[in-house]
Amino acid sequence: MPAAALIAIYLGLVLTPLALVWAQGLAPRTPWDELASGLGLLALAMILVEFLQLGRFRAVTSRVGSDVVMRTHQLLARVALIFALAHPFFYVSPLAPAPDWDTTRRMAVEYSWPAIWPGILAWLGLGAVVAMALARDVAGYRYEIWRFLHGLGAVLVAGAGVLHALRAGRYSADPTLGWVWVAGLVLALAALAQIYLVAPLLRARRPWRVASVTPAALNTWRLRLMPEGGHRLNYRAGQFAWLNIGHSPFSLNENPFSIASAPSEGPQLEFIIKELGDFTDRIGQIAPGTRAHVEGPHGHLTVQGHADAPGLALIAGGVGIAPLLGILRELAATNDPRPTLLIYGNREESQIVCADELQSLARDHGTEILHVLSEPPEGWQGPRGLIDADLLRRHVADAGRQDWLFVLCGPPPMLRGVEAALIDIGVPAPRILSEQFVYD
Ligand SMILES: Cc1cc2nc3c(=O)[nH]c(=O)nc-3n(C[C@H](O)[C@H](O)[C@H](O)COP(=O)(O)OP(=O)(O)OC[C@H]3O[C@@H](n4cnc5c(N)ncnc54)[C@H](O)[C@@H]3O)c2cc1C
């Protein structure tokens, strides 16, 4: 299902209420009243569909990537907020309970307290939910607490919004549209229940154990998990999963990490984890044998489905090597005959993850490996600085590799620079896959 189909599904869902309004064929009001209602209806539909854009539904994330899903979730939440905030201000008809003879509420805007309070609650709540999300980094609350409050706030806004539409809405008084709102709310709550109740229940029956935690590079750890029982994760090299280590399967303490192992190597999973905050700083202290839960796989950073690419160029910055290591291991394990190039940027040599294994891959599988260091040690023979347009021109354009598949993972500024440089030297955009390690 291409991205265009997902966009069409999205538009179909959010425009359904407007289509039903049109089908009601009620006598029109002033254009301002119609605009006000239209904005409110659109905002409510968008809020309900936000629950389906949570980056946890594999049917979507495996096609466009969780990072893209989450960026879209954020962007559309802001658009919904603008529509919702503007909605009450466009009404020009008098605020009054509709007279008995005005059965289609054409001459007045319903403002009785039971109709209006849920609207005020949803209006203020949506502003608060979006503001809290925007201010998360500055405010510095714990990620898990923020996530819980975000979910709770969203449920409140959706519930109050639907109640307001049913009680105050001219068009939502129609039973068909009324049932659409109720069904939309049920679907939204079902999406949350799937993520926070059903999926954890299933995970509880397929637990994992920490097999080992060993240093992989400076401030970076290699964590191995073994399944408890005969199950295995059915993933493609380069995908990621949510890891919950040492908590109940229902806990919000779970973080996304790329799978650095290869599916062909067996049921064990390996992750390369860099210290960054409260959970990752304690990775090195996790005792072997600790129970873990794995939710996934997610993500579209995988070379499967690109058999027509004559070669594969993997470009990593820092811990962005994790999914690419999984891809390289899989290519080696399956004896993929295509030429491979790894361009791997780090600040200093001690940050190179699995340096020995990369050397073996170069020797045994013929992978061309280019380490780029921005602070190289004395006597360093390889390229210095950043992975920039100049370096890519030499190793991609001059080598005639523009028709290869390019798989990128690293810090957002690096990804932006590398993508722009690749497009500049003639690599078609569909030949570039990239993933950011930023979820929210
Ligand atoms: C698709 C994907 C793949 C990733 N793969 C790797 C990998 O292979 N190796 C690696 O070292 N890192 C990876 N990361 C980053 C990793 O998830 C974060 O570094 C980690 O969650 C930080 O958690 P913390 O509690 O230590 O840090 P904190 O200080 O709590 O958080 C630092 C930042 O990490 C993010 N973060 C924290 N907790 C979560 C959470 N539960 N869910 C989503 N984001 C969170 C937030 O942006 C937060 O601001 C990946 C991220 C994504 C989105």
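This is a predicted model: local features need pLDDT of at least 70, side-chain atom pairs count only at pLDDT 80 or more; totals for chains, interfaces and linings use all residues.
Residues are numbered from 1 along each chain as its sequence is written, and side-chain values rest on heavy atoms, with hydrogens and water left out.

The protein chain is divided into domain 1 (3-203), domain 2 (208-298) and domain 3 (312-435), the bounds being those of an automatic or database domain assignment. The centres of domain 1 and domain 3, taken over C-alpha atoms, are separated by 43 Å.

Across the whole structure, 4 aromatic pairs are found, where rings of Phe, Tyr and Trp (for Trp, its six-membered ring) pair if their centres lie within 6.5 Å, and planes under 30 degrees apart count as stacked, over 60 as edge-to-face and the rest as tilted. One of them joins Phe89 and Trp123 in an edge-to-face arrangement, with 6.2 Å from centre to centre and 65° between the planes. Because Phe89 belongs to the loop between α4 (66-86) and α5 (113-134) while Trp123 belongs to helix α5, this pair ties together parts that are 34 residues apart in sequence; helices (H or I, at least four residues) and strands (E, at least two) are DSSP runs, numbered from the N terminus. With a relative accessible area of 62%, Phe89 is exposed, whereas Trp123, at 29%, counts as partly exposed; buried here means under 20% relative accessible area, exposed over 50%, and partly exposed in between, for a 1.4 Å probe and protein chains only.

The pair of Phe257 and Phe279 is tilted, because the ring centres are 6.0 Å apart and the planes stand at 45°. This pair links distant parts of the chain, with Phe257 in strand β4 and Phe279 in the loop between β5 (269-274) and β6 (291-298), 22 residues apart. Phe257 is buried at 12% relative accessibility, and Phe279 is buried at 16%.

Strand β4 (residues 255-258) also holds Ser258, which counts as buried at 5% relative accessibility. When neighbours within four places in sequence are left aside, Ser258 is in contact (heavy atoms within 4.5 Å) with Gln239, Phe240, Glu270, Phe271, Ala322, Pro323, Glu435 and Phe437.

Charges over rings were also examined, the criterion being that NZ of Lys or CZ of Arg is within 6 Å of the ring centre and within 35 degrees of the ring normal. Arg56 lies over the face of Trp242 at 3.6 Å from the ring centre, and the charged end of Arg136 sits over the ring of Trp146, 5.1 Å from its centre.

On a 1 Å grid over the protein atoms alone, a cavity is a set of points where a 1.4 Å probe fits but cannot get out, and a pocket is an open set with protein on both sides within 12 Å along at least five of seven lines, lining residues having an atom within 4 Å of a point. Grid points are joined across faces, edges and corners, and a volume is the space filled by probe spheres set on the points. The count comes to 1 cavity of 30 Å³ or more, and the lining of the largest cavity includes Ile195, Tyr196, Arg203, Phe250 and Glu254.

The second largest pocket holds about 680 Å³ of space and is lined by 32 residues, of which His87, Tyr91, Gly119, His164 and Ala168 lie nearest its centre. Gly119 lies in helix α5 and is buried, with a relative accessible area of 13%.
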